[in-house]
Amino acid sequence: FTVTNPPAAQAAQTIRVEGSGRISFDASLGVLQGSGAAAMGVASGVAPLKVVVPQFTTARAGQSNPLAGGTNKLFVTVTTNCVLPPLSTVTVSGLTETATVTSNTTQLTSVAIDGQ
């Protein structure tokens, strides 16, 4: 069945199942917990009703060459606590003080997903 998660983070919940009537049901089977497997990039994300709020956990920038007039590669690293949700946008700005020809877009030369 489908439910809607709350808007705030929460720890995994213990789900219970009971049977009655003409069926035998071992009580030890009634407490359900998820495994430690990841889901959507969230550690133990398959645990029932574990909820995380998607957010960036790391943001770093660096460069290859600090010398005047030299060709320089900029490196930007961002890390999230989950798989980036659909329709998410990552914007890098502030690249104004260069001798590069002005453009509305800059081509990415390398993109890694999950450290690959």
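How much space lies in the second largest pocket? In this predicted model, in which residues are numbered from 1 along each chain as its sequence is written, local features need pLDDT of at least 70 and side-chain atom pairs count only at pLDDT 80 or more, while totals for chains, interfaces and linings use all residues. Side-chain values use heavy atoms, with hydrogens and water left out.

The second largest pocket holds about 360 Å³ of space. Rolling a probe the size of a water molecule over the atoms shows where empty space is left. A pocket is here an open set of points on a 1 Å grid over the protein atoms alone, where a 1.4 Å probe fits, with protein on both sides within 12 Å along at least five of seven lines, and its lining residues have an atom within 4 Å of a point; the points are joined across faces, edges and corners, and the volume is the space filled by probe spheres set on them. The second largest pocket is lined by 18 residues, of which Asn-5, Met-40, Val-42, Lys-50 and Val-52 are the closest to its centre. By type, the lining comprises 15 nonpolar residues, two polar and one charged, where Ala, Val, Leu, Ile, Met, Phe, Trp, Tyr, Cys and Pro count as nonpolar, Asp, Glu, Lys and Arg as charged, and the others, Gly among them, as polar.

The protein chain contains zero helices and four strands, in the order β-β-β-β from the N terminus on; both kinds of element are DSSP runs numbered from the N terminus, helices being H or I with at least four residues and strands E with at least two. Met-40 is placed in the loop between strand S2 (31-32) and strand S3 (56-63), and Ser-44 also lies in the loop between S2 and S3. Although Met-40 is not a glycine, it has a positive phi of about 55°, and Ser-44, not a glycine either, has a positive phi of about 55°.

Met-40 is exposed, with a relative accessible area of 63%, whereas Ser-44 is partly exposed at 27% (buried means under 20% relative accessible area, exposed over 50%, and partly exposed in between, with a 1.4 Å probe and protein chains only). Of the 116 residues in the protein chain, 5% are buried. Leu-95, found in the segment after strand S4 (74-80), counts as partly exposed at 44% relative accessibility, and its C-alpha atom is separated by 9.7 Å from that of Leu-74, 21 residues apart along the chain.
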